[in-house]
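Hello,

Here is the structure I promised to pass on to you. Have a look first, and my notes follow below.

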Amino acid sequence: MVNKKMDELVLIVDDDVEIKDSMHEFITRSGYNCITASSAEEAVRLLKSNHVNVAITDIILPGKDGLELTEIMKQKHDIDVIVMTGYSNEYSYEEVITKGASDLIFKPFRFEELLLRLKKVLKNRQVIKDRARVLDKLEKLAITDGLTTLYNLRHFYNQLEVEIGRCSRYGHSLSLLLLDIDNFKTYNDTYGHLEGDKVLVRLSQIIKSCLRTMDSAYRYGGEEFTVILPETKGEEAKNVANRIKRAVEVERFLPEPDKVVTITISIGLTEYFKNEQLSTFIKRADQAMYNSKAQGRNRISSLFVEPGSNQNNQDPGLPGNKN
């Protein structure tokens, strides 16, 4: 069985050599890794090369005192601090905690009491980390599609508002892709929804593999996906759309033994125009995707018409069956 104590590193800071060495020996015998320093400055140097979990420091030190050291450690490192002092009349628990310490222990103390304090601090530290992990997981679940692991529709609207705000403030370009799997209902009816889900999962992986770090992909609903392309003009967005389209075309699926099937996608793309409504922006991308469907599917259509403009669509076509 793995000894979890050995995963924890304790730093002792005390300029009294006898006390420091005795504490080091006791804590080491108790099953923890332990290092020591005689001053705040030495402790700071050790922190640069060691991942310390808990520091136990005396308040009275040469140079910077233990409270100053505590503030430095809390600001720059993920460390819990237990402060020691022999001056019970000069330092209060509230003062020490305000500086960022997790606990205060008065000298002289029994080593067994120090060990209990150390175990308590480490336990609380683990509880906080576990809680943070759970909250992080819940936050991710709230914005993630359960099947594809892409961001969900709710997060799409939130993020698009953020990107439009950046676009308006800094004058950056912003493009949007809307993608739909061609004849997906037929695929589902023929091979079943489990095989259809495999297509959705694989398509989401392909889309993500074709994007830059700043780009983001979302499951828009059913077999539809959307991609936000910050700092990207419409013509540049065509390159991304083509990259995704070609990657999908060469993918092979095996919904039945010895049955190889390919799928295609229809893509609509557009570019944001200053001061237009979010809904107008999305609707134009949706119309462009409809145009791809109407023109025979497995193609990319663009709509770059600014609201109120009399310009013609670059890829004319009437809305067709979305499937």
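Is Cys210 buried or exposed? Cys210 is buried, at 8% relative accessibility, where buried means under 20% relative accessible area, exposed over 50%, and partly exposed in between (1.4 Å probe, protein chains only). Cys167 counts as buried too, at 12%. A search of the whole structure turns up zero disulfides, a disulfide being a pair of cysteine sulfur atoms within 2.5 Å.

Before you read on, please note that this is a predicted model: local features need pLDDT of at least 70, side-chain atom pairs count only at pLDDT 80 or more, and totals for chains, interfaces and linings use all residues. Residues are numbered from 1 along each chain as its sequence is written, and side-chain values use heavy atoms, with hydrogens and water left out.

Now to the salt bridges. The structure holds 23 of them, each being a side-chain nitrogen of Lys or Arg within 4 Å of a carboxyl oxygen of Asp or Glu. Helix α8 covers residues 193-209 (helices are DSSP runs of H or I, at least four residues, and strands runs of E, at least two, numbered from the N terminus). Lys198 pairs there with Glu195 at 3.1 Å, N to O; the two are three residues apart, so about one helical turn separates them. Glu195 is buried, at 14%.

Arg202 forms a salt bridge with Glu251 at 3.0 Å, N to O. Because Arg202 sits in helix α8 and Glu251 in the loop between α9 (234-249) and β9 (253-256), this pair ties together parts that are 49 residues apart in sequence. Arg202 is partly exposed at 30%, while Glu251 is buried at 19%. Elsewhere, salt bridges that share partners join Asp78, Asp80, Arg125 and Lys129 into one network.

Helix α5 (residues 111-143) includes Leu135. Asp136 is partly exposed at 36%, and so is Lys140 at 49%.

Best wishes
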